[in-house]
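Hi there,

Here is the complex I promised to pass on. Please have a look at it first, and my notes follow below.

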Amino acid sequence: MQQAGSSASETEVTWEDQQNINKFGRLNNRLHEVEDEIKIAKETNESLEDAGNELILTDEDTVRFQIGEVFAHVPKEEVESRIEEMTEKTSKNLVKLEEEKESIVAQMAALKKILYGKFKDSINLEED
Amino acid sequence: MSTSASLTERRGIPAASFVEDVQTYLSQLNLDVNSALAFLQERLQQYRVVEMKLLAQQRDLQAKIPDIEKCLDVVATLQSKKGTGEELIADFEVSEGIYSRACIEEAESVCLWLGANVMLDYSCEEATVLLEKNLENAKASLEVLLADLQFLRDQVTITQVTIARVYNWDVHQRRLRQAVATPSES
């Protein structure tokens with residue numbers, strides 16, 4: 001705040017500027033949420049892969065597969081196809097999340113350019 | 001976008017009015033700088049309190065949705081076993097760390113916990129319909145909640161920027177007064 005006071009003329013903040021700042025804030029929040037979701041999706045994929053590997057190693061015909069809160073006895077082949085299904089779903093979701101993240105980062109970069117362009121040192125848009 | 005704040009409030013949350021010009025704002029409120037800053041800071045605090053409440057509600061809903069999806073999964077599994085003559089063998093938790101085996105044959109109906117110590121019997125189809133409705137409601141509530149949070153965070157940002165601008169205006173005014181009081185050396 002001190003820096004803004006030291007500039008010779010006070011840069012006026014218009015409603016458009018305020019809306020850009022608001023948008024930047026919203027995008028930043030969403031970015032953190034998406035990054036968390038990406039982390040969870042990657043972990044889920046890893047767990048599913050581990051499960052798949054365990055399946056290959058096991059010589060049992062029936063596997064205990066968690067449905068809801070219980071472990072149901074499910075034939076191995078069904079478990080394999082269920083895991084495949086879940087992996088595909090998670091991978092698709094992951095791709096969607098990564099795309100969203102890219103779009104958010106691009107929008108934030110564009111807003112930074114506009115806002116720093118007008119306010120220079122008077123504004124700080126960096127992650128602390 | 002020449003009009004400021006399109007909403008004056010949203011579901012009980014007052015909108016922060018956008019300040020076009022600090023001087024006009026202060027004279028309109030008929031407050032000196034310090035009182036104005038105190039007022040804005042208090043507003044900010046109130047927003048923070050509401051934010052905490054909404055975040056807690058968001059966490060609850062976000063936990064509820066996967067629970068309902070799990071229930072739907074179980075009902076679907078029971079339903080798929082119907083008519084095949086196969087029984088579903090499931091290991092379930094009796095107590096923490098202790099599991100037992102259950103053999104479920106021809107699930108005619110399921111019991112759904114409705115809350116408030118009430119559990120009702122439903123056919124698999126009825127249960128699916130009820131659970132799907134609950135899921136839809138939960139997802140819709142979450143959407144509204146997220147929009148509320150977005151609105152709230154915008155108002156917080158506007159208030160923070162207003163605080164900075166009032167403060168800077170004050171600093172600027174002091175410098176001007178100082179420049180007038182002490183004639184320039186050059």
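Two strands count as paired if DSSP finds at least two bridges between them, and the elements themselves are DSSP runs numbered from the N terminus: helices are H or I with at least four residues, strands are E with at least two. By that rule, strand 2 of chain A pairs with strand 3 of chain B (residues 88-95) in the antiparallel sense, over two bridges. Ala72(A) stands opposite Ala90(B) there.

A word on conventions before the rest. This is a predicted model, in which local features need pLDDT of at least 70 and side-chain atom pairs count only at pLDDT 80 or more, while totals for chains, interfaces and linings use all residues. Residues are numbered from 1 along each chain as its sequence is written, chains are lettered from A and ligands numbered from 1 in the order in which they are written, and side-chain values use heavy atoms, with hydrogens and water left out.

Confidence

The predictor gives the complex an ipTM of 0.81 and a pTM of 0.83. For chain A, the mean pLDDT (the predictor's confidence in each residue, from 0 to 100) is 89, and 92% of the residues score at least 70. Residues 1-9 of chain A have a pLDDT below 50, and this stretch has eleven contacts (heavy atoms within 4.5 Å) beyond near neighbours in sequence. Chain B averages 90, with 95% of its residues at 70 or more. In chain B, pLDDT stays under 50 over residues 1-5, a stretch with six contacts beyond four places in sequence.

The interface

How many residues of chain A are in contact with chain B? The model has 25 of them, facing 31 residues of chain B. The buried area, meaning the accessible area (1.4 Å probe) that two parts lose on being put together, summed over both, is about 2700 Å², and carbon and sulfur atoms give 55% of that.

Four salt bridges (a side-chain nitrogen of Lys or Arg within 4 Å of a carboxyl oxygen of Asp or Glu) link chain A and chain B. Arg26(A) forms a salt bridge with Asp154(B), with the closest N and O atoms 2.4 Å apart.

On the side of chain A that touches chain B, the elements giving two or more residues are helix 1 (2-6), helix 2 (15-57), strand 1 (62-67) and strand 2 (70-75). Helix 2 of chain A gives the most, with seven residues.

Within the chains

In chain A, Glu78(A) and Arg82(A) form a salt bridge at 3.4 Å, N to O; both lie in helix 3 (residues 76-119), four residues apart, about one turn of the helix.

Best wishes
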